[in-house]
Amino acid sequence: MSANTNERFSSKLGLILSVLGIAIGTGNIWRFPRIAAQNGGEDGAGAFLFAWICFLILWSIPLIIAEYGMGRNGRKGIVGSFVALIGEKKGWLGGFVGFVATAIMFYYSVVASWCLYYLITSITTALPADLQQANAIWEGFQGSNWPLAGHAIVMFIGGFIVIKGISSIEKVNKVLIPSLLLVLIVSLFKALSLEGSGLGLEYLFTPDWSTLKKPQIWLEALTQNAWDTGAAWGLILTYAAYMRSTDDVTISAFQTGIGNNVVSLVAAMIIFSTVFGTLSPTMGNSEILEVMKTSGPASTGLTFIWMPQLFAKMGGGGIFAILFFLGLTFAAFSSLISMIELAVKVFVDMGAVRKRATMIICGAGFGFGIPSALNLTFFANQDFVWGVGLMVSGALISYAVIKYGTQKFREDLINTEERSSTLGKWWEIIIKYVVPIEVVTLLGWWMYLSAAEYAPDTWYNPLSPYSVATVLLQWAMALGLVWFFRKRLMGKKVKSDDLAEPGE
């Protein structure tokens, strides 16, 4: 990354803020409220929250621990760390994990461009006074060339930061993440002060247990928790290559997982309080929910349509709107940077020069992200396919740890002499048994019911945005590409501490 071949995060705070920066962003503030709205029942969304919290303990935190251990052990990117753990014959599987995160990067950059646009409009124009005006701004934006232009700008800025290296990423996140958290806290207090906001909180936290009979709820809860925490993306693994040996893996994993979920809950409380507080005088709960679920395809516009209306009702709302979208843009960038870094690190491990690798990745990111920038239905398809793809990534990380030996991994790579806490055997049980069972059960359950009940006429159509066929086809293409280029992915052997190319 630089001339310093032993580059590390300068502090534990720098590590945690950078890792929080991976996942605190649009995954929490844009994606979580809309997924909760999409998966709430007639009585409330509390059952979805229950499933989501279950997966924090039974999926995200155990896999984050595995990623920290793999990254610190291999001191390389996602492919190199798989090779270091389970050998060259199986190491190419890390390429699929990297592909999923990179595929998410293609459309995540588009979301970051939405944040940037709303930041600019909050500075230059008046806030929307009602739902009609807010919808007009959203639809006008989506019908313009701005999503494409913003996508290009965002990829360029992200690439520039990544070229500068890990010290630049650490410095940026030390400002971005605390700023975002401060704005969220202020926004929460204002949202809760709205008349009728309590109805939104009541709906958010009231469980409709009947919804748990649907596999889609559990599938969305698991993938959303992976989105919230960054688990199984390979991003934490990539940053863990720069961990200091004195940083405690177990404590860092719990801080990462719980910190991210708290931010998601705060974001959902803000959005639900705002929507219910604004609409409850004229609408019933079922009508309000219908509005939330139809704020763009798969509720993609929920945060962007409703947050400006909250700020319009605040004293000094124009300033808070600017701060909120500035914070959201910062958070989107911090996540995007980690995705670019993951792909670049794979190329650097193969022997590429960092600057050239970054330019190639960002160019490809722009090109492959164009369809998502131009078409929200395509965007929603990509968000679904690769969000669920995180389950396969989790299964592959679990497989790598099992292949290495779960007890050996825990004792040698996690419970080191420098640790300040000891990881127990519970972790081995989850990684070895629970994670594989979750993947097989949820995917199998969803595929069967899609074919039998949910979409008997479209499940086999790869052009249907949420079909089984579109998911399997795109995963198969990804696996095929990774397999075809497996020798190139592992073509150059890099020394375990070689984190930079010579001469930079």
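Helices here are DSSP runs of H or I with at least four residues, and strands are runs of E with at least two, numbered from the N terminus. The model is predicted, and local features need pLDDT of at least 70, side-chain atom pairs count only at pLDDT 80 or more, and totals for chains, interfaces and linings use all residues. Residues are numbered from 1 along each chain as its sequence is written, and side-chain values use heavy atoms, with hydrogens and water left out.

H18 has 29 residues and reaches 42 Å from its first C-alpha to its last, close to the 42 Å expected at 1.5 Å a residue; the expected span is 1.5 Å times one less than the number of residues. Of those 29 residues, 22 are buried, so H18 is largely enclosed by the rest of the structure (buried means under 20% relative accessible area with a 1.4 Å probe, protein chains only). At the start of H18, a side-chain oxygen of Asn 375 comes to within 2.8 Å of the backbone nitrogen of Thr 377. After H18 comes Gly 405, with a positive phi near 115°.

The whole structure holds 35 aromatic pairs, where rings of Phe, Tyr and Trp (its six-membered ring) pair if their centres lie within 6.5 Å. In one of them, Tyr 404 and Phe 409 have ring centres 6.1 Å apart and planes at 90°, so the pair is edge-to-face (planes over 60 degrees apart). Phe 409 is buried, with a relative accessible area of 0%.

A pocket is an open set of points on a 1 Å grid over the protein atoms alone, where a 1.4 Å probe fits, with protein on both sides within 12 Å along at least five of seven lines; lining residues have an atom within 4 Å of a point. The largest pocket contains about 840 Å³ of space, the volume being that filled by probe spheres set on the points. Its lining has 29 residues, with Phe 99, Thr 102, Phe 106, Leu 481 and Val 482 nearest the centre. Among the elements giving two or more residues to this lining are H6 (93-124), H18 (376-404) and H21 (468-484). H6 supplies the largest share, 8 residues.

The second largest pocket has a volume of about 540 Å³. Of its 25 lining residues, Asn 39, Gln 216, Glu 220, Phe 384 and Tyr 466 lie nearest the centre. Two or more residues each come from H2 (26-39), H11 (215-229), H18 and H20 (426-454), and H2 gives the most, with 5 residues.

Technical notes
Buried < 20%, exposed > 50% of the residue type's maximum accessible area, 1.4 Å probe, protein only. Polar contact = N/O pair within 3.5 Å; in protein donor to acceptor, adjacent residues only side chain to side chain. Phe/Tyr/Trp six-rings, centres within 6.5 Å; stacked < 30°, edge-to-face > 60°.
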